[in-house]
Amino acid sequence: KSITFKVPDTEGVFPYVCTFPGHGYIMFGAMYVTHGAMPAMKEDPHIPHPNAEQSAETNHQHKKMPLHPYNPVPPYLYRILMPDAGPAAIAVSLPQKLSYCWDAGACRLRYAWQGDFIDPVDYWDKKGEPNAKVLGNIFYRDKTQFPIRLGEEKQIPTVKFKGYRLVNAYPEFHYSLNGMDVYEIIFPGTSGNGLERTFRIPEVTSIVWFIFDPDDGVRYTTSAGKFYGSTLQLTSQEAKQFTISMTKAEKEYQ
């Protein structure tokens with residue numbers, strides 16, 4: 001097989017990485033557009049060089065290998081196995097040292113943490129057998145059966161993941177609840193101490209409920225609807241687009 005690239009007229013170096021989950025740490029390189037000489041592979045400053053005779057884990061322990069093949073700038077995401085989530089987990093790094101785990105299989109936010117992102121070295125070194133390690137402190141964990149309900153407050157919806165798109169590098173998740181399209185995008189809170197979740201349910205015609213557990217580690221405010229204890233109720237009009245702010249509680253999450 002052959003692959004043909006259309007390259008720019010301007011000379012430059014273009015790093016690339018395999019985006020299949022878990023492959024990016026060992027499958028990467030740099031494409032040169034140049035009329036000059038190519039650097040020797042071992043001397044190329046654009047490609048990280050772990051010691052091939054040692055494992056990724058050993059290199060990492062001896063500070064020979066970074067956590068990521070390139071220097072990522074938030075927001076960015078990894079499709080990678082994560083603890084306490086299904087096999088379709090997506091780990092997202094946000095600005096202000098905030099991160100979260102979104103479960104695409106279950107169509108829900110699982111947990112959020114503050115601090116460093118993840119350590120994927122064991123995961124990549126052992127071909128996806130273990131989970132990536134959360135490096136920060138988890139301050140929120142969803143404890144509900146499912147947070148969003150349509151029409152009936154106690155009815156758990158049937159969910160289906162329909163993909164995501166990037167909006168200014170932030171993933172907007174698209175899924176359906178009982179066949180109704182829902183869009184969810186998560187930003188860092190303005191204080192840097194929590195998350196802001198914006199939902200869009202454009203075609204909804206029923207009451208929408210957002211359920212949470214008072215001991216999940218955060219305090220809630222909303223752009224629309226009314227709180228009744230640990231339940232937010234929204235009219236169909238309010239639910240077409242609303243934002244829920246989740247601020248880290250003062251006490252430590254247990």
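Predicted model: local features only at pLDDT ≥ 70, side-chain atom pairs only at ≥ 80, totals over all residues.
Colleague: Let's start with the rings. How many aromatic pairs are there?

Modeller: Rings pair up if their centres lie within 6.5 Å. Here the count comes to 15 aromatic pairs. Take Phe 212 and Phe 227: their ring centres are 6.0 Å apart with the planes at 85°, so this pair is edge-to-face.

Colleague: And which parts does that pair tie together?

Modeller: Phe 212 is in the loop between β15 (208-211) and β16 (218-222), while Phe 227 belongs to strand β17 (residues 226-228), so the contact links parts 15 residues apart in sequence. Both rings also belong to one aromatic cluster, together with Phe 199, Phe 210, Tyr 220 and Phe 242.

Colleague: Is Phe 212 buried or exposed?

Modeller: Under 20% relative accessible area counts as buried. Phe 212 has 11%, so it is buried. Phe 227, at 32%, is partly exposed.

Colleague: Where does β17 sit in its sheet?

Modeller: The sheet is open, with four antiparallel strands in the order β10-β15-β18-β17. β17 and β10 (148-150) are at the edges with a single partner strand each, so one side of each has no neighbour in the sheet. Neighbouring strands here are turned by 25° against each other on average, direction ignored. β17 pairs with β18 (residues 231-234) over three bridges, and Phe 227 stands opposite Leu 232 in β18.

Colleague: Which charged residues lie over rings?

Modeller: Among them, Arg 141 lies over the face of Tyr 111, 5.1 Å from the ring centre. The charged end of Arg 200 sits over the ring of Tyr 183, at 4.4 Å from its centre.

Methods. Residues numbered from 1 in each chain as written. Heavy atoms only, no water. Phe/Tyr/Trp six-rings, centres within 6.5 Å; stacked < 30°, edge-to-face > 60°. Helix = DSSP H or I, 4+ residues; strand = E, 2+ residues; numbered from the N terminus. Buried < 20%, exposed > 50% of the residue type's maximum accessible area, 1.4 Å probe, protein only. Lys NZ or Arg CZ within 6 Å of the ring centre and 35° of its normal. Pairing = 2+ DSSP bridges. Axes fitted to C-alpha atoms, helices over the stretch in contact; angles between N-to-C directions.
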